[in-house]
Amino acid sequence: MKFLHISCLSLFLLSTITMGAMAQINQLAPPVMGWSSWNTYRIHINEALIKKQADAMVSQGLKEAGYLYVNVDDGFFGWRDENGKLQTHPERFPNGLKCVADYIHSKGLKAGIYSDAGSNTCGSIWDKDPNGVGVGLYGHEKQDADLFFNEWGFDFIKIDYCGAGQSLALEEQKRYTEIRQAIDAVCNRNISLNICRWAFPGTWAKDLARSWRISADITPQWESIKYIIGKNLYLSAYAGGGHYNDMDMLEIGRGLKPEEEEVHFGMWCIMSSPLLIGCDLTTIPESSLELLKNRELIALNQDPLGLQAYVVQHKNGGYVLTKDMEQKRGKVRAVAFYNPSDTICSFSIPTTQLELGGKIKVRDLIKRQSTGIVTNKLVYELPPHSVKILRLEAEERLEPTHYEAEWAYLPCYNDLATHPRNILYAPLKDASGGMIVRYLGGQAENYAEWNEVYSEKGGRYKLHISYVPGTDRKLEVEVNGKKTMLKDLQTDESKGMAIITLPVELKAGNNVIRMCSPYCWAPDIDCFTLEKDI
Ligand code: GLA
């Protein structure tokens, strides 16, 4: 009896642990890796073509490197029959799509499909695809979900917004929520959803989707790569917990210069974007293939912490970004030195600014070479349109003292431009890092939050807040739920940046600091520093 009791208990514990671990694995699913048909083929796809790309994914060693999804984008649509059931394109997919998904699965890969939140696809508008009219999800949510996921067996869906936005003027959050609910109602597998609304849609997206597009469509030109990285530089607060900012499908192997391809892949990796290859895998240049298979960069993208790197320095036209790897607040961090400019850029950053101390081992992840040991600072000169991506392993991890406004989580932030004057990250020359947060306050929900303000031992600190003076502003600072209203703020706008200091008590570990003003505007915030009050 005793034995039975113990084994039941251990079984229970084991299953609880396994379930816990599974929940964690599910929750922290890494960014999707695979291939998608759009960049090279647009709507001109067919059964043989998709199967050939699935074959190449295996034969080129990409499956082995971690690329799993083969995604059929726009172009497969036929029409709806008298019962509303979606049919595939008669010439491109005469045998339907189940055989395509089955083929992909037979290779040990996963299959992705595409639709629109409205009635018409983007291809019907931009590529004049007559078959793209009336075939979107609108009014057919459950019917199509049943077809895509139960009958055909797809695992992933990208949901575009051309029809929903242009002809039906639907509201994004409501529309994508209805679709997510319809999918979950008919399918008991965990379908990976991508929101394709070409701008950061809002903090609600993480409750529905594994990733969401943040930009207009990518093209195989340097300007496009630079524009998308620029759009993602200050969105790190929204990636995490298994949800990611999608910088769009890769244009590697489609004519960019070698250093530009390194920027493209390296930045997509350190920013934890989905990695969906967009070229013809059967003719991909060898150097591009090697880059896509760089295991150290892939490990950076698929890192179990699932974090997006944030900007710690913006000087001389260059950006330094960093994120923790392997363990939060551990001694390993990834760093990117990114030069988007058209001239050589000199970088110099004290290692303390990266919260690292002592001797630091440096490994170049693009070159896959260890490049020695540094102390005190990292200094590089980088050519135009280039990046250096490093893995740093330090002797010590230092307590942070500086927090930028542009790292804050803003629950009311979106990039849809439907609510003018909503809270946002904005450039300001005199601000530290060249960025501030604007339009903070006016309602209790419109706050800025730093949820990992770290103190090693806890205790009393002086919180120095740097802000832009303005008339009729108040600032409420909340530290772990304890609120203080700051009224005596500098109002003289001609004096430049001002600093106000508040004594605070931090606990050991992570603290949550919020800044707001529930009834009137708060001043624009630049950054804050913490000074131990001994
Ligand atoms: C939009 C999307 C693209 C692609 C096309 C298909 O433009 O942003 O990625 O899916 O639609 O028509």
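Me: A polar contact is a pair of N or O atoms within 3.5 Å; within protein, one must be able to donate a hydrogen and the other to accept it, and residues adjacent in sequence count only if both atoms are side-chain atoms. Which kind of atom of glycine 123 lies 3.2 Å from an oxygen atom of the ligand?

Reply: This is a predicted model, in which local features need pLDDT of at least 70, side-chain atom pairs count only at pLDDT 80 or more, and totals for chains, interfaces and linings use all residues. Residues are numbered from 1 along each chain as its sequence is written, and side-chain values use heavy atoms, with hydrogens and water left out. In glycine 123 the atom is a backbone N or O. Aspartate 217 has a polar side-chain atom 2.5 Å from a ligand oxygen, and aspartate 73 has one at 2.7 Å.

Me: How much of the ligand does the protein cover?

Reply: Accessible area comes from the Shrake-Rupley method with a 1.4 Å probe. On its own the ligand has 310 Å² of it, and the protein covers 96%.

Me: Which residues around the ligand come nearest?

Reply: A residue is near a molecule if one of its heavy atoms lies within 4 Å of it. Of the 13 residues around the ligand, Asp73, Asp74, Lys158, Asp160 and Asp217 come nearest.

Me: How many residues of the protein chain are buried?

Reply: Buried means under 20% relative accessible area (1.4 Å probe, protein chains only). Of the 534 residues, 56% are buried.

Me: What are the spans of the C-alpha trace?

Reply: Along the principal axes, about 75 × 75 × 55 Å.

Definitions and conventions
Buried < 20%, exposed > 50% of the residue type's maximum accessible area, 1.4 Å probe, protein only.
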